[in-house]
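Me: Hi! Could you walk me through this model, please?

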Amino acid sequence: MSESRTIKAALASSDELAAPGKSLWHRIEPAALGIGSIVALLVVWELVPRLITLSAGTKLFFTTPSQVAGTLWRLFATGEIWTPLGVSASGFGLGLLLSIVVGLPLGVLIGRSRTLNDMIDPFITAFNATPRLVFLPLVMLWLGLGLWSKVLIVFIGALFPILINTYEGVRNADKVLINVVRSFGAKEWDIARLVVVPNAMPYIIAGLRLAIGRAVLGVVVAEFFGSESGLGVMMVQAAGRYQVDVVFSGLIIFAVLSLALTAMVQILEQRLSRWRPVHVSE
Amino acid sequence: MVACIEGRNVSLTFRPPNRGPVRALQGFDIDVQDGEFLSIVGPSGCGKSTFLNVVLGLIKADSGDVLMRGKPIAGPGTDRAMVFQEFGLLPWRTVLNNIELGLELKGVPAGQRRDVSQRFVQMVGLSGFEGHYPHELSGGMKQRVGLARALATDPDVLLMDEPFAALDAQTRDVMQVELLRIWHEAKKTVLFVTHQIEEAIYLSDRVMVMTKRPGHAKKIFAIDLPRPRDYEMRVTPEFNELKLQIWHALKDEITV
């Protein structure tokens, strides 16, 4: 490990020796190019209606970055956004939480028990192969247009990535380590706690990352097709009124929230893998 | 006097799925006395590690008796602890937390655990590495942790399954010296499995040679070399004579 780090350091320093002037640009190049292209796109987009005269009909479907920014500002400044955002967030949060609370223990159980696995596997395979959207009419019929139908849709979407990944991780548990803890008197619960779950953690985190994507999708779908309130409802209603800037605002809020959640999972992953050797490839 | 560990006519056959049965042990007899250091050498796959796992309580013999102080071994217990071949450390636990594993499962309160683990960190010479993770340690240091973890629960018997096989030759030599020092200090009965004749002689009071599979005791050699032993002892005529005798007992069992 330390050897590879030294090699890496040596490579970096020889790089700097060869091209001393370039080192700063080298370091910021990827970020600069990324941000630069986004800024360029926004500028072009902003300039279009100023350079080209759009017909009245086209203008109805058009907005500019500055308009969207203004609308976003207004939505937050007036507090108008908090109710739909809160509704969406609680549907997302409750559904995801429920899928973790159910998926993780269930994944460990079916990963450890051949019998349970044989009993439950057909259901998982069938459910997982079915597109989640086909449950929507049934869920809305049973639970109405309120919070709980949204929670259930999110739950159905997020459950399987967590369940299946946990199961895979558990199946890959180190048999030697299981014998080690057993030799010190560990029972099945201790084996799960001390070896199986920590060992499966990278799989579980990967499952969680997938689950968050599915959960956001669940919120959006539920709100587009049958909810009383929420960010998605706000977007659909705005679209009906040709408020393109509001639709874009909703889109941006969804995008930013998804990015923030992904970043949170990454931080969680780093905190949980401090014991892991650092790989050069990363 | 009741032997510390006793095996009588022990037989065990593995029945792996998709393959034919493997007879690991057949009519295996052994007596390990209290405080004794006994090594088992034998060809690969002769069932010597299997017997350690039976004594540990992880697998059951098909027939015969395996007794600890006259009582049949029914499962794992705090009177026995194993030092594993590939160390068997939990990679997500620090040195200190790895050493405390057995104490934790025994239900020892946290404060007391810390005291005990600190003491064994010192005994195995790992002071300053308490907070390190296994991947930050060398092979020799990892096995020091393995040894400390096994000793921490204060077992009567230490079972060692080729504990130094994964180490390079020099580290192995150092660890052998260390093991003898710790053995004198901790006063445990040791049942040690190895491939290396020299290692077995250097460490042991007695060395058992096993037959090839299905394994049973072929011959037992008493090692009457004085203790404490030092590295120079390995080049004495007495040492080499023993080495030759054991090699003669062992070589017919080895099939290449």
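**Sheets, helices and a buried arginine**

Reply: Chain B has an open sheet of four strands in the order S2-S1-S4-S5, with antiparallel pairing. Strands S2 (22-32) and S5 (71-72) of chain B stand at the edges, each with a single partner strand, so one side of each is left without a neighbour in the sheet. Strands here are DSSP runs of E with at least two residues, helices are runs of H or I with at least four residues, and both are numbered from the N terminus. Two strands pair if DSSP finds at least two bridges between them.

Me: Before we go on, what are the ground rules?

Reply: This is a predicted model, where local features need pLDDT of at least 70 and side-chain atom pairs count only at pLDDT 80 or more, while totals for chains, interfaces and linings use all residues. Residues are numbered from 1 along each chain as its sequence is written, chains are lettered from A and ligands numbered from 1 in the order in which they are written, and side-chain values use heavy atoms, with hydrogens and water left out.

Me: Thanks! How many bridges pair S1 and S4 of chain B?

Reply: Five, in the antiparallel sense, between S1 (residues 5-14) and S4 (residues 63-68) of chain B. In that pair, Ser11(B) stands opposite Ser63(B) in S4(B).

Me: And what's the strand order in the open sheet of six strands?

Reply: That order is S6-S7-S8-S3-S9-S10 (chain B), with mixed pairing. S6 (80-83) and S10 (217-222) of chain B stand at the edges with a single partner strand each, so each has one side left without a neighbour in the sheet. The twist averages 20° from one strand to the next; axes are lines fitted to C-alpha atoms, for helices over the stretch in contact, and angles run from 0 to 180 degrees between N-to-C directions.

Me: Where is Arg234(B) found, and why does it count as buried?

Reply: Arg234(B) is in the loop between S10 and helix H8 (237-251) of chain B. Arg234(B) counts as buried because its relative accessibility is 8%. Arg234(B) touches Asp173(B), Gln176(B), Glu198(B), Tyr202(B), Phe239(B) and Asn240(B), leaving aside residues up to four places away in sequence. Contact means heavy atoms within 4.5 Å.

Me: Switching to chain A: at roughly what angle do H5(A) and H6(A) cross?

Reply: The axes of H5(A) and H6 (residues 114-129) of chain A cross at roughly 125° and come within 6 Å. H5(A) and H6(A) are therefore oblique to each other: under 35 degrees is roughly parallel, over 145 roughly antiparallel, 65 to 115 roughly perpendicular, and the rest oblique. Residues making the contact include Leu106(A) and Leu109(A) of H5(A) and Ile120(A) and Ile124(A) of H6(A).

Me: Last one: which residues of H9(A) are buried?

Reply: In H9 (residues 175-183) of chain A, they are Leu177(A), Ile178(A), Val180(A), Val181(A) and Ser183(A). Just after H9(A), Gly185(A) takes a positive phi of about 95°.

Notes:
Buried means under 20% relative accessible area, exposed over 50%, partly exposed in between (1.4 Å probe, protein chains only).
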